[in-house]
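Please open the model in a viewer and follow the stops below in order.

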Amino acid sequence: MRFSEFRYITARKDRSIDGEYSRLSRNFRAGDIVRLNPSIYMPTEQWLSLKAQDRLQACVGAVALAARPHTFVGATTLGLYEIPLVKPGVLESPQIFVGVKTLGSVRVRTPIGCYGNLPDARVRYAAQNSGRQEVAVLPQPPRIRGQLLSGSRSTELSLEDWSYRVATETLSQALIRCIHSFPFESRVVIIEHLLRSGTTLRSEIYEACGRQISARADGTVRWTKEFLIMLAQGQPIPCRRRAFEEAIAFATLANESVGESLSHALIHKLGFEAPQLQVPMQLPSGRFVRPDYFWPNVRVVGEFDGAHKYTKSMQVSGKEPSRVVYEEKLREDGIRSLGHRVCRWTWADLMNPERLARILSNAGVPRSSGVRRFGD
């Protein structure tokens, strides 16, 4: 969700401040708005309808709009740069990370009172989640956690769809600061996303380990394994450096999406035999296909089924969803006619790795033996 889609409510400058605060206070007590930050509100209906990741982004925006601006650091910086942050099977309280000069200034700030009318909010939330379990617990704003700013300078990120600029530490410093805190599969997703993006960096802004990055003639550098290894070497704590380097060593450009990156890393972490990636196959119709994963010894093909292939088929392929489903069936039938078994999984399976393990085991994918797994 883009920042421009959030409806922030604050005191209107063209009105009497006292009158505006009274209006906001009345709406808050009535339950029509929720408080995300002092003097920054959002309509209750929108807040309750957001997904967890969007709620976190909404609160980042509320912190950025506050009278006292912060420099965002670590995982929050990665999120602002739209780098995918996924942690399968991990349940934790979301946090916003801001840079501080002393940890005492913002160690962990508890969320402010979000709801002015709890009974009303529960009724609205239950109505929006009818048929689902565990809807009694209302979503709360994330805590704000302070992390010491490094000696490197920060930069400004322009959120183009929001017409606003926020202060962040450099993306390189954010990676050094926090990538070790993610599980192995999440680190691989981050690194492969950067390698696929080919994002150019301005050498005069991004500094690694206190050394200027060698730039091309146009003053830019690109995300490469060599550059990432240089960043990892700037991590002074050995165990954190190893976590960074292991993910870099495993990363590959053969995976074409976040879901494929996550699937590949989880297959490895779960201890299954390494598959071949994107192997060309010619179907009896003469068509060539490239399955996501292939285990030739047991003749098993694995496919990650991203929902966007169907829900956003017109944007992705220009085809109606029904046509995409039909063509996928023909494709799978063609692969099976070659004598291969096909197993498929979705995002829900990736978020619960035990389910992915059952799918692979039931399909006959063998486990590796005597091989140390990264991220164990």
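Two rings of Phe, Tyr or Trp, the last represented by its six-membered ring, form a pair if their centres lie within 6.5 Å. The model shown here is predicted. By this rule, select Phe3, Phe6, Tyr8, Trp162 and Tyr164: ring pairs link these residues into a cluster. The count of aromatic pairs comes to ten.

Tyrosine 8 belongs to the segment before helix H1, whereas tryptophan 162 lies in the loop between E7 and strand E8, 154 residues apart. Both tyrosine 8 and tryptophan 162 are buried.

Next, select tyrosine 293 and tryptophan 345, an aromatic pair that is stacked, with 5.6 Å from centre to centre and 25 degrees between the planes. Tyrosine 293 is in strand E16 and tryptophan 345 in strand E18, so the pair ties together parts 52 residues apart in sequence. Tyrosine 293 has a relative accessible area of 0%, and tryptophan 345 is buried at 1%.

Now turn to the largest nonpolar core, which has 33 residues; Tyr8, Leu36, Met42, Trp47, Phe72 and Ile96 touch the most other members. Helix H3 (52-65) is among the elements that each supply at least two residues; its share, seven residues, is the largest. Select leucine 36 to find its contacts, including Tyr8, Met42, Trp47 and Ile112. Another core, of 29 residues, lies apart from this one, with Val73, Phe182, Ile190 and Leu228 among its members.

Finally, select arginine 35, whose charged end sits over the ring of phenylalanine 28, 4.1 Å from its centre.

Terms used
Residues numbered from 1 in each chain as written. Predicted model: local features only at pLDDT ≥ 70, side-chain atom pairs only at ≥ 80, totals over all residues. Heavy atoms only, no water. Core = buried A, V, L, I, M, F, W, Y, C linked by side-chain atoms within 4.5 Å. Buried < 20%, exposed > 50% of the residue type's maximum accessible area, 1.4 Å probe, protein only. Helix = DSSP H or I, 4+ residues; strand = E, 2+ residues; numbered from the N terminus. Contact = heavy atoms within 4.5 Å. Phe/Tyr/Trp six-rings, centres within 6.5 Å; stacked < 30°, edge-to-face > 60°. Lys NZ or Arg CZ within 6 Å of the ring centre and 35° of its normal. Lists of a residue's contacts leave out its neighbours within four places in sequence.
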